[in-house]
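Q: I am new to this structure and would like a close look at a single part of it. Please take me through that part slowly, in one connected answer.

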Amino acid sequence: MKALILDGSPEGDSLTPVAVLGMHSALAGRGTDVELVKLRELDIAPCTGCFGCWTRTPGECVFPDESRDVLRSYIASDIVVYATPVTFGGYSSQLKKLLDRFIPVLDPRFTVVGGEVHHRLRYRRYPMTIGLGTLSAPDPDAERLFLALVARNGLNVHQSAEAAVLVGETDPLSARSLAERLLDRAGIAP
Amino acid sequence: MNALILTGSPKGRDSSSFLLGSRLGEALRNHGVTVRDEFAHQALRTEEGTRRLLDAVDASDLLVLAFPLYVDSLPAPLTRLLELAAERRTASASPGGPLLAVLVQCGFPEAHQCDTAVGICRLFAGRMGMRWAGALAMGMGGQLGGGFRKLPGGGRNILEAIDRTGESLATGGDVPGEAMALFSRPLVPRWLYTLFGNLGWRVQMRKNKARRPLAYRPYAK
Ligand SMILES: Cc1cc2nc3c(=O)[nH]c(=O)nc-3n(C[C@H](O)[C@H](O)[C@H](O)COP(=O)(O)O)c2cc1C
């Protein structure tokens with residue numbers, strides 16, 4: 001099994017790297033081959049909204065930057081982890097910049113999923129989506145919204161996704177046990 | 001009253017977001033509000049632009065975020081601006097504090113798919129000590145490309161929703177509930193929207209002289 005962890009932490013964020021560490025060791029403990037991508041070290045441009053990835057060079061963004069490598073790796077993975085500080089209930093801009101560049105992996109044509117319109121899938125299989133958020137203090141509204149957002153993102157690839165939020169300053173051990181619980185819930189066998 | 005209409009689409013003045021935002025700007029001006037237009041993606045390209053925009057956010061009594069739904073939330077550059085604005089804001093919520101309103105549209109037919117993005121803006125308002133005025137959200141954003149005149153019924157519902165919202169916001173009120181309902185009303189039946197949408201991708205491909213099939217899989221093993 002292969003897992004891709006997308007670390008969307010900004011400079012100076014002390015919480016998300018701990019959560020990532022916990023997830024990394026939990027995945028490795030389950031015999032998973034883990035690739036960790038620190039998004040702030042990549043040079044990725046924001047999406048320009050041109051839809052060229054659907055109608056000019058189908059399946060691939062027209063801008064050849066490092067997002068292409070991440071997408072290739074994403075498609076080759078069994079699990080993807082979105083690690084991010086919960087930002088007003090959503091993702092950090094760092095992670096979001098990459099996610100906005102993810103739409104080439106979908107087929108533009110519409111279909112109905114769970115009673116709503118979504119896109120068709122371009123590939124036969126997609127990694128299972130796992131959201132891993134961090135909050136420096138309890139914020140139930142932000143936490144709820146984060147879980148709802150990850151669930152919606154799961155629907156885009158016709159899945160039910162799993163997510164959890166690590167709250168407050170924490171140590172690698174509690175981060176790992178949260179990750180273990182999350183992986184159990186996601187049905188990822190040890 | 002000073003309003004700032006912040007467009008959060010990479011397409012700037014050519015975007016559907018700006019089409020809606022500028023109509024709201026017009027409605028606000030008609031009620032005596034001073035309106036300024038800014039573009040998140042453009043401003044973020046330089047430090048100077050970013051600082052000017054953040055100053056404008058701080059100076060506004062009404063901030064309107066007009067954006068397309070991107071992956072169930074806000075486009076990354078708009079998210080970046082909200083992060084920066086929150087980092088430098090120290091004021092706490094006050095009943096007379098600045099207002100935040102949202103104009104959001106998405107490509108899928110169902111307006112409720114914008115709910116998570118609206119929730120994010122609402123939490124941002126709380127973090128900024130701004131008063132949440134509410135959101136106009138609509139699906140079928142793909143229909144807006146030709147302007148209001150090309151819409152069925154001339155986009156009557158949308159225009160009325162925006163105009164009523166402008167009138168209310170200009171006097172410090174919220175986005176009216178009837179305006180929200182009017183704005184989110186489907187422009188055409190869902191099956192028709194998806195049928196034409198699906199044909200539209202192929203038409204675009206032909207125009208672009210795409211050399212790969214629509215369903216091409218560059219990353220398949
Ligand atoms: C990167 C990207 C992500 C998008 N994500 C969604 C989405 O999650 N749900 C949806 O309904 N539409 C989505 N859309 C469609 C846009 O919201 C829609 O095309 C919108 O009308 C664009 O508005 P604009 O002209 O103001 O940029 C996405 C478009 C792009 C380019």
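With which residue does Arg212(B) form a salt bridge, and how far apart are the closest N and O atoms? Please set the answer in the setting of the contact between chain B and chain A.

A: The model is a predicted one, and the distances and areas below are computed from it. Arg212(B) pairs with Glu60(A) in a salt bridge, with 2.9 Å between the closest N and O atoms. A side-chain nitrogen of Lys or Arg has to lie within 4 Å of a carboxyl oxygen of Asp or Glu for a salt bridge to be counted, and across the interface of chain B and chain A this rule finds two salt bridges.

On the side of chain B that touches chain A, the elements giving two or more residues are helix H4 (76–88), helix H5 (115–128) and helix H8 (190–207) of chain B. The largest share of that side comes from H8(B), which gives nine residues.

As for the extent of the contact, 49 residues from chain B and 49 residues from chain A take part in it. The area buried between chain B and chain A comes to about 4,200 Å², and carbon and sulfur atoms give 61% of it. Within chain B, the residues that lose the most area to chain A are Phe108(B), Trp201(B) and Tyr219(B), which together make up 20% of what that side buries.

The two chains also come together around the ligand: residues from chains A and B surround the ligand, so the site is shared between chains. Of the 20 residues around the ligand, those that come nearest are Ser9(B), Ser17(B), Leu69(B), Val71(B) and Gln105(B). A polar side-chain atom of Gln105(B) lies 2.7 Å from an oxygen atom of the ligand, while for Leu69(B) a backbone N or O atom is found 2.8 Å from an oxygen atom of the ligand. Ser16(B) likewise places a backbone N or O atom 2.8 Å from an oxygen atom of the ligand. Taken alone, the ligand exposes 650 Å², and the protein buries 93% of that. The shell around the ligand consists of nine nonpolar, eight polar and three charged residues.

Notes:
Residues are numbered from 1 along each chain as its sequence is written. Chains are lettered from A and ligands numbered from 1 in the order in which they are written. This is a predicted model: local features need pLDDT of at least 70, side-chain atom pairs count only at pLDDT 80 or more; totals for chains, interfaces and linings use all residues. Side-chain values use heavy atoms; hydrogens and water are left out. Contact means heavy atoms within 4.5 Å. Buried area is the accessible area (1.4 Å probe) that two parts lose on being put together, summed over both. Helices (H or I, at least four residues) and strands (E, at least two) are DSSP runs, numbered from the N terminus. A residue is near a molecule or strand if one of its heavy atoms lies within 4 Å of it. A polar contact is a pair of N or O atoms within 3.5 Å; within protein, one must be able to donate a hydrogen and the other to accept it, and residues adjacent in sequence count only if both atoms are side-chain atoms. Accessible areas come from the Shrake-Rupley method with a 1.4 Å probe; for residues, only the protein chains shown count as cover. Ala, Val, Leu, Ile, Met, Phe, Trp, Tyr, Cys and Pro count as nonpolar, Asp, Glu, Lys and Arg as charged, and the others, Gly among them, as polar.
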